[in-house]
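Me: I'm new to this one. Can you take me through the structure?

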Amino acid sequence: MEERDINTIFPYEKNAKKHPERQIEQIANSIREFGFNQPVVVDKQGIIIVGHGRYYAGLLLKRLTVPTLVVDL
């Protein structure tokens, strides 16, 4: 796991799961209170595999970095 610049992470364009603004706010509130308990999982190109909601919450919180796990698929 590593802290990665949030600007080097990119949402998967075909992600089927949508995150309404209210849900992003709830995730952001959880991160504020408890911290990042799960990393954003990305491939080697920085495309998000798991954790789109955490990514958007990180943007909302104006984080410069987010914890990531890079996997080789």
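Reply: What follows goes from the overall layout to single residues.

Me: What should I know before reading any values?
Reply: This is a predicted model, where local features need pLDDT of at least 70, side-chain atom pairs count only at pLDDT 80 or more, and totals for chains, interfaces and linings use all residues. Residues are numbered from 1 along each chain as its sequence is written, and side-chain values use heavy atoms, with hydrogens and water left out.

Me: What is the average pLDDT of the protein?
Reply: The average is 94, and 100% of the residues score at least 70. pLDDT is the predictor's confidence in each residue, from 0 to 100. Among the elements, the lowest mean is that of strand β1 (residues 2-5), at 94, and the highest that of strand β2 (residues 40-42), at 97.

Me: How many helices and strands are there?
Reply: The protein has two helices and four strands. Their order from the N terminus is β-α-β-β-α-β. Both kinds are DSSP runs numbered from the N terminus: helices are H or I with at least four residues, strands are E with at least two.

Me: Which residues make up the largest nonpolar core?
Reply: It has 12 residues in all, among them Ile-6, Ile-9, Phe-36, Val-42, Tyr-55 and Val-66. α1 (21-34), β2 and α2 (52-60) each supply at least two residues of this core. α1 gives the most, with three. A nonpolar core is a set of buried Ala, Val, Leu, Ile, Met, Phe, Trp, Tyr and Cys residues joined through side-chain atoms within 4.5 Å.

Me: And what counts as buried or exposed?
Reply: Buried is under 20% relative accessible area, exposed is over 50%, and partly exposed is in between, with a 1.4 Å probe and protein chains only. Buried residues make up 34% of the 73 residues.

Me: Back to α1. Which of its residues are buried?
Reply: Ile-24, Ala-28 and Ile-31 are the buried ones. They line one face of the helix, because seen down the axis of α1 they fall within an arc of 60°; the arc is that of the directions from the helix axis to the C-beta atoms. α2 is included in what covers them. Arg-22, Glu-33 and Phe-34 are exposed on the other side of α1.

Me: What comes after α1?
Reply: Gly-35 follows, with a positive phi near 80°.

Me: Which residue other than glycine has a positive phi?
Reply: Lys-62 is one, with phi near 60°. Lys-62 sits in the loop between α2 and β4 and counts as exposed, at 71% relative accessibility.

Me: Is Thr-68 buried or exposed?
Reply: Thr-68 is buried, with a relative accessible area of 0%. It is found in strand β4 (residues 65-70).

Me: What does Thr-68 touch?
Reply: Leaving out residues up to four places away in sequence, Thr-68 touches Met-1, Glu-2, Arg-4, Ile-9, Pro-39 and Val-40.

Me: Which residues does Val-42 touch, then?
Reply: On that basis, the contacts of Val-42 include Arg-4, Ile-9, Ile-48, Leu-69 and Val-71.

Terms used
Contact = heavy atoms within 4.5 Å.
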